[in-house]
Amino acid sequence: MGAFWQNSGQYLPILMEGVAITVMLTLAALVISTALGLVWALMRYSGIWPLVLISKTVVNTVRGIPILVQLFYIYFVLPEFGIDLSAFQAGAIGLGIAYSCYMAENFRAGLEAIDKGQIEAAHSIGMKWSLMMRRVVLPQALRTVLPPYGNTMIMLLKDTSQASVITVAELTMKGKLVASATFDNMTVYTLVALLYLALSVPLIVLASYLERRFGTR
């Protein structure tokens with residue numbers, strides 16, 4: 001046990017560099033996935049069949065392709081079309097696009113939970129679609145969306161580890177490098193697991209709070 005703590009002191013500074021990249025990657029992918037997810041959901045909710053068709057096609061296609069394959073495609077294939085991205089950019093965009101489809105389903109569930117009578121009432125007083133969304137639909141949908149949104153954030157944080165396959169120097173990659181250099185797999189991967197847990201716990205607490213606060217209608 002003494003050796004564990006001694007070695008941990010040597011490994012932690014390197015692993016903490018990976019933690020910083022993991023946090024930045026999570027935040028970047030979260031912004032992209034939230035924005036795109038809301039777009040897909042609103043297109044689906046609009047009732048305009050070309051938009052509905054596009055939204056369904058995108059969401060079902062992206063959800064049917066493993067995240068690793070999407071990351072490989074963005075990082076290794078897009079340069080053949082003249083689109084060169086850094087590993088971090090490819091990881092953030094790939095995770096953002098992949099998770100936008102899960103966000104879209106969360107948002108769509110919130111939108112469809114709105115009482116249709118309120119929609120009809122908004123139309124009857126002459127509200128335009130954009131105004132109705134801002135004043136009537138979205139504020140109420142937020143109550144339904146927040147708990148699953150918190151859970152999706154936790155999943156996204158953990159799935160940033162998949163970006164290590166395209167050389168993003170996040171926590172998992174740093175752990176692999178330290179383990180390969182020291183052969184101290186037990187200490188290194190125990191620290192990696194504990195660091196992921198430390199990052200996840202605040203999100204788990206937040207998700208639990210949101211479920212208690214907003215989970216019941």
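Thr 160 is placed in the loop between helix H6 (129-159) and helix H7 (171-182); helices (H or I, at least four residues) and strands (E, at least two) are DSSP runs, numbered from the N terminus. At 0% relative accessibility, Thr 160 counts as buried, where buried means under 20% relative accessible area, exposed over 50%, and partly exposed in between (1.4 Å probe, protein chains only). When neighbours within four places in sequence are left aside, Thr 160 is in contact with Thr 22, Leu 25, Thr 26, Leu 95, Glu 170 and Tyr 196. Contact means heavy atoms within 4.5 Å.

The structure is a predicted model, in which local features need pLDDT of at least 70 and side-chain atom pairs count only at pLDDT 80 or more, whereas totals for chains, interfaces and linings use all residues. Residues are numbered from 1 along each chain as its sequence is written, and side-chain values use heavy atoms, with hydrogens and water left out.

The loop between H6 and H7 also holds Thr 167. Thr 167 has a positive phi of about 70°, although it is not a glycine. A positive phi is found again at Phe 183, a residue other than glycine, with a value near 60°. Phe 183 lies in the loop between H7 and helix H8 (185-214), and with a relative accessible area of 68% it is exposed.

The protein contains eight helices and zero strands, and its pattern along the sequence reads α-α-α-α-α-α-α-α. Along the principal axes, the C-alpha atoms fill a box of roughly 70 × 45 × 25 Å. Of the 217 residues, 41% count as buried. Among contacts with a separation of 6 or more, 78% are accounted for by residues 24 or more positions apart.

Two packed helices are described by the angle between their axes and the distance between the axes. Here axes are lines fitted to C-alpha atoms, for helices over the stretch in contact, and angles run from 0 to 180 degrees between N-to-C directions. Helix H2 (residues 49-63) and helix H4 (residues 87-112) pack at an angle of about 120°, with their axes 9 Å apart. H2 and H4 are therefore oblique to each other; angles under 35 degrees count as roughly parallel, over 145 as roughly antiparallel, 65 to 115 as roughly perpendicular and the rest as oblique. In this contact, Val 58, Val 59, Val 62 and Arg 63 of H2 meet residues of H4 including Ile 97, Ala 98 and Cys 101. By class, the contact of H2 with H4 has eight nonpolar, no polar and two charged residues. Ala, Val, Leu, Ile, Met, Phe, Trp, Tyr, Cys and Pro count as nonpolar, Asp, Glu, Lys and Arg as charged, and the others, Gly among them, as polar.

H4 also packs with helix H3 (residues 67-77): the axes come within 9 Å and cross at roughly 135°. H3 and H4 are therefore oblique to each other. Ile 67, Gln 70, Leu 71, Ile 74 and Tyr 75 of H3 meet H4 at residues among them Ala 87, Ala 90 and Gly 91. The contact of H3 with H4 comprises 11 nonpolar, three polar and no charged residues.

According to the unreviewed UniProt entry, the annotation "transmembrane region" covers residues 20-45 and 186-210; such annotations may be inferred rather than shown by experiment. Residues 20-45 are 100% helix and 0% strand, with end C-alpha atoms 37 Å apart. Residues 186-210 are likewise 100% helix and 0% strand, and their end C-alpha atoms are 36 Å apart.
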